[in-house]
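Take a moment to look at the fold below.

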Amino acid sequence: MFGRRPGATAQKSPAPRPAGPAPVPVSPEPIAPVFQDGRRAEAPPREIAVPVETARSDDYYRTKSMIFGALIEAIDLTQLARLEPDAAREEIRDIVIEIIGLKNVVMSIAEQEELLDDICNDVLGYGPLEPLLARDDIADVMVNGANRTYIEVGGKIQLTNVRFRDNQQLMNICQRIVSQVGRRVDEASPICDARLPDGSRVNVIAPPLAIDGPALTIRKFKKDKLTLDQLTRFGSISPEGAKILQIIGRVRCNVVVSGGTGSGKTTLLNCLTRYIDDDERVITCEDAAELQLQQPHVVRLETRPPNLEGQGQVTMRDLIKNCLRMRPERIIVGEVRGPEAFDLLQAMNTGHDGSMGTLHANSPRECLARIESMIAMGGFSLPSKTLREMIAGSIDVVVQAARLRDGSRRITHITEVMGMEGDVITTQDLFVYDVVGEDPNGKLIGRHRSTGVGRPRFWERARYYGEDRALAAALDAAEVRVEETA
C-alpha cells in the first residue's frame with residue numbers, strides 16, 4: 001500500500017486494554033490525536049448544546065488512541081503528503097480498517113465510520129473542528145481551551161460537545177492552521193492572525209497569555225457569498241435602502257463601513273464591492289486576506305508580522321503607501337485599526353474615488369471621531385480642525401451595521417458626511433432603522449425609514465454616472481413606503 005511505512009505491519013493482539021489510554025508516538029509533524037465528542041455535521045444546532053463529559057465514553061478515546069498509534073507506525077507521512085487529499089483519506093481509511101480487524105476491536109458499522117472520520121480529520125484536516133467548519137450555518141467557532149468549544153448560530157452562542165484530548169493537541173491544530181499562511185504561534189509569538197483557505201478569519205492566542213489553554217477564534221465565511229438582495233430578504237436593509245447602497249457603490253463614493261464585532265462589516269463591504277465595474281483596477285490591503293471580490297482586476301495585499309529576529313514586518317501603512325504606486329483606481333482596506341487611517345484619507349483625497357474600508361464604532365458620529373483619534377495616536381501633530389477638514393473632505397458616506405440583542409444583524413444608518421460647520425463635522429442620515437417592538441419569540445420588530453432627504457450630497461456624482469433617476473426613484477419609493485406604514 002502506497003502510504004505504508006516500508007516493512008511496517010500491524011501485529012495482531014487479542015483486544016484493546018481498557019485500563020488507560022495508550023501512549024501516542026510522536027510524529028515528525030505536529031500530528032497528534034485530537035479528540036472530538038461525536039456529532040455528525042448535519043445535526044441541527046439545538047442538539048449540540050450538551051454537556052461535554054457525557055457525549056462519549058472514555059473507552060472510545062482509549063480505542064481511538066490505540067488505533068491512531070498503530071496508524072502512525074504503519075504509514076509513511078512523507079509519501080502520504082504527496083497524495084491528493086481524497087486519495088490520502090482513502091489510504092488512511094484502508095489502513096485503519098485493517099488495523100481494526102487485526103486488533104479485534106468490536107464496534108458497529110456506524111461507530112467504525114465515526115472513528116474513521118475522526119482519524120482522517122486528525123491526520124489530514126483540523127481534527128474535531130472539521131464538522132463545525134463544514135456547516136454553513138455557523139458564523140463563529142470559539143475554542144476556549146481543550147474542553148470548551150462554542151459556536152454562533154443565528155446570532156446566538158451555543159456550547160458544543162467538541163473537545164480535544166489536551167491543550168497540546170489544540171496547539172498542534174492552531175500551528176497547522178497558521179503555518180498554511182506562513183505564520184507561527186508559540187510562546188515567543190503567542191498572538192497570531194491568520195486565515196483558512198476559504199478566507200475565514202482566524203485568531204489564536206496561546207499560553208502564557210491565555211491562562212486556561214490556547215484560545216482559537218474562527219470567523220467563518222459562507223460558501224455562498226451574500227448579496228444585497230439576500231440582505232434585503234433577511235430584513236437587514238429595505239429594498240430602497242439596498243438600491244441606494246448599490247448606487248453608492250457604483251458612483252464611486254468614498255465609504256466607511258462601521259459597526260461592532262460580528263455586526264457584518266466585512267460581509268457588507270463584500271456586497272458593496274459587487275457594484276465596482278469590471279474595468280476598474282482594485283487593490284485590497286488587509287491584515288488577513290478575507291475579502292472576496294468578484295472583479296477580474298483585483299490585486300490582494302496582506303501584511304506580514306516580524307520574524308524571530310523582529311525583522312521583516314510589513315504594516316498596513318506600508319501596504320497603503322505602496323499601493324498608491326500601483327496605479328489603483330480604488331483602494332479597499334479590510335479594517336482600519338490605527339494610523340493607516342491617515343494614509344487611507346490621503347488616498348481618498350488624491351484621485352482614488354470609491355475607496356472603502358471598515359472600522360469598529362457604535363455610530364456614524366463615533367466612527368468619524370475614531371478616525372480622528374486613530375490619526376492622533378499615530379503621532380501626527382496636526383490641529384484637530386485640520387484633521388476634521390480632511391475627514392469631511394475624504395469620506396462621503398458612513399454605513400453603520402449592528403448586531404441586535406436577538407442576534408439579528410441590521411444596517412441601522414446610511415449617513416452622509418456633509419462638511420464642516422465651524423469646528424464640527426456635519427452629517428445627515430438618509431436611512432435609519434427603528435426598533436418598534438418585540439414578538440412573543442423574543443425577536444425584535446423594526447423598520448427602515450427614510451429621513452426625507454430628497455437630494456443627497458452625492459446627487460451630482462450620481463448624475464455624472466447616470467444614476468440620478470434611479471436615486472430619485474429609490475428616495476421617492478422610500479418616502480411613500482414610510483407614509484404607508486406610518
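A pocket is an open set of grid points where a 1.4 Å probe fits, with protein on both sides within 12 Å along at least five of seven lines. Rolling a probe the size of a water molecule over the atoms shows where empty space is left. Keep in mind that this model is predicted.

Start with the second largest pocket. Its volume is about 520 Å³. The lining counts 21 residues, and Arg 183, Arg 304, Pro 305, Pro 306 and Gln 313 are the closest to the centre. Which strand gives the most to this lining? Strand E4, residues 191-195, does, with 3 residues.

Now turn to the interior. In soluble globular proteins, nonpolar side chains tend to be buried together. Here the largest nonpolar core has 38 residues. Leu 245, Ile 248, Val 255 and Ile 414 have the most contacts inside it. Helix H8, residues 239-250, gives the most to this core, with 5 residues. Apart from this core lies another, of 32 residues, including Val 256 and Ile 331. Go back to Val 255. Leaving aside residues up to four places away in sequence, Val 255 touches Ile 248, Leu 272 and Met 348, among others.

Last, the cysteines. How many disulfides does the structure hold? It holds 0. For Cys 192, the nearest cysteine sulfur belongs to Cys 174, 9.4 Å away. A disulfide needs the two sulfurs within 2.5 Å. Is Cys 192 buried or exposed? Cys 192 counts as buried because its relative accessibility is 5%, and the cut-off is under 20%. Cys 271, at 0%, is buried too.

Key:
Residues numbered from 1 in each chain as written. Predicted model: local features only at pLDDT ≥ 70, side-chain atom pairs only at ≥ 80, totals over all residues. Heavy atoms only, no water. Buried < 20%, exposed > 50% of the residue type's maximum accessible area, 1.4 Å probe, protein only. Core = buried A, V, L, I, M, F, W, Y, C linked by side-chain atoms within 4.5 Å. Helix = DSSP H or I, 4+ residues; strand = E, 2+ residues; numbered from the N terminus. Contact = heavy atoms within 4.5 Å. 1 Å grid on protein atoms, 1.4 Å probe; cavity = no way out; pocket = protein on both sides within 12 Å on 5 of 7 lines; lining within 4 Å. Points joined across faces, edges and corners; volume = space filled by probe spheres on them.
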